[in-house]
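This report considers the chains one by one and then the pockets. Please read it alongside the sequence and the coordinates.

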Amino acid sequence: MLKKSVIWLFLLVGLVITTVSAHQFYGYPYVQKIKDFTLIDQNGKRVSFSDFRGKYLLVFFGYTYCPDVCPTSMYRIKETLDRLGKYKKYVHVLFISVDPERDTPENLKKFISYYDPTGKYITGLTGSPEEIKKVAKQFRAYYKKVPLKDNPEVGYLVDHTAFIYLIDKNGIMRLIFRPANEDPEKIAEDIIYVIKYFGE
Amino acid sequence: MKRITLFLLMVLVVGVYAYTQPVIRIVDPWVRAVPPNMKNSALFMTIVNEGDEDDELIGVETDIARMAQIHKTVNENGVMKMVHVDKIEIHGHTKVELKPGGYHIMLMGLKRPLKEGEMLKFTLIFKNSGRIQIEAPVKRK
């Protein structure tokens with residue numbers, strides 16, 4: 001009961017800051033408590049969303065075979081991290097695969113280490129198709145396999161939503177960045193604002 | 001007199017020929033550097049048509065990938081979709097930009113990992129201008 005009222009308080013506070021704050025958000029303000037889930041990381045270990053409590057999270061749904069949208073988005077995320085300065089250490093990125101059949105932990109590891117050679121800032125997550133489906137539903141992330149004709153090499157692509165979600169350190173979604181939000185500088189400004197507001 | 005007539009005729013022929021031809025120029029081509037295990041990448045560039053006539057990019061050949069196709073990324077209510085297109089039209093005195101999130105040449109089934117900074121060869125096939133050879137650097141952006 002107490003827990004529930006605390007959540008409501010958070011939602012209320014979130015609503016108030018998004019309406020009265022002087023900061024013009026670049027991203028789309030959206031308040032939603034994310035329910036805990038467990039997936040497999042790039043090292044093959046099962047990790048839970050709640051394990052990242054205390055960090056501000058950037059969550060992105062994609063897949064490693066993705067030819068245009070995911071590399072563009074991952075590059076934008078990398079550029080954003082590079083602009084966070086001293087706030088970078090409070091931020092972590094979750095790349096959640098929408099192609100769990102092909103995205104093995106090994107594949108994810110190679111993919112994310114390209115954008116984060118230190119291995120400190122990005123976690124790749126995969127799981128069973130059912131697990132992924134459940135997680136994606138919570139974020140209203142849509143994805144659908146699209147077979148490619150005459151192309152056994154690639155086989156299929158995946159149409160998917162390409163939003164970057166900002167989750168605060170208590171597991172509550174605060175902002176959604178759309179593909180049109182191309183400027184890493186402005187994304188970083190939003191993130192820093194949110195970190196300052198809710199505390200490091 | 002005969003010579004002058006011939007000359008004028010030649011000027012006319014060349015003039016008409018020059019008028020009807022599209023003049024294609026490729027500006028800043030680049031290939032996206034991707035993680036070494038990725039099987040796909042994309043080629044981007046700006047295609048400028050400095051001529052009067054329209055032209056169409058109808059195909060791309062390369063040794064680096066098993067298949068190169070003209071694609072377009074479209075945002076349909078937030079869902080990013082890849083659409084295979086047959087051609088890109090470049091009208092006279094206009095340009096078309098191939099860039100991330102829009103038109104691109106999708107390179108499918110890379111035969112080897114790409115190295116940042118290396119130059120890759122491509123042959124662009126245009127309906128009117130024919131085959132144009134280009135070299136594009138691999139860039140991380």
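The model is predicted, so local features need pLDDT of at least 70 and side-chain atom pairs count only at pLDDT 80 or more, whereas totals for chains, interfaces and linings use all residues. Residues are numbered from 1 along each chain as its sequence is written, chains are lettered from A and ligands numbered from 1 in the order in which they are written, and side-chain values use heavy atoms, with hydrogens and water left out.

## The two chains

Helices (H or I, at least four residues) and strands (E, at least two) are DSSP runs, numbered from the N terminus.

Buried here means under 20% relative accessible area, exposed over 50%, and partly exposed in between (1.4 Å probe, protein chains only). Of the 200 residues of chain A, 56% are buried; of the 141 residues of chain B, 48% are. Accessible areas come from the Shrake-Rupley method with a 1.4 Å probe, and for residues only the protein chains shown count as cover. Chain A has an accessible surface of about 9,500 Å², with 57% of it belonging to carbon and sulfur atoms, and chain B exposes about 7,800 Å², of which these atoms supply 55%.

A contact means heavy atoms within 4.5 Å. Among contacts with a separation of 6 or more, residues 24 or more positions apart account for 72% in chain A and for 68% in chain B.

Helix α3 of chain A spans residues 105-115, and its buried residues are P105(A), N107(A), L108(A), F111(A), I112(A), Y114(A) and Y115(A). These buried residues pack against α2 and against the strands β2 (38-41), β5 (91-97) and β6 (122-126) of chain A.

C66(A) counts as buried because its relative accessibility is 2%, and C70(A) because its relative accessibility is 0%. Over all chains there are zero disulfides (pairs of cysteine sulfur atoms within 2.5 Å).

## The pockets

On a 1 Å grid over the protein atoms alone, a pocket is an open set of points where a 1.4 Å probe fits, with protein on both sides within 12 Å along at least five of seven lines, and lining residues have an atom within 4 Å of a point. Grid points are joined across faces, edges and corners, and a volume is the space filled by probe spheres set on the points. In the table, Ala, Val, Leu, Ile, Met, Phe, Trp, Tyr, Cys and Pro count as nonpolar, Asp, Glu, Lys and Arg as charged, and the others, Gly among them, as polar.

| Pocket | Volume | Lining residues by class |
|---|---|---|
| Largest pocket | about 610 Å³ | 12 nonpolar, six polar, eight charged |
| Second largest pocket | about 220 Å³ | six nonpolar, three polar, three charged |

The largest pocket is lined by 26 residues, of which T72(A), E182(A), K99(B), P100(B) and G101(B) are the closest to its centre. At least two lining residues each come from α2 (69-82) of chain A and from β1 (24-32), β2 (40-49) and β7 (94-98) of chain B, with α2(A) giving the largest share, six residues.

The lining of the second largest pocket includes V146(A), P147(A) and L148(A) from chain A, and M82(B), V83(B) and H84(B) from chain B. Its largest share, three residues, comes from β5(B).
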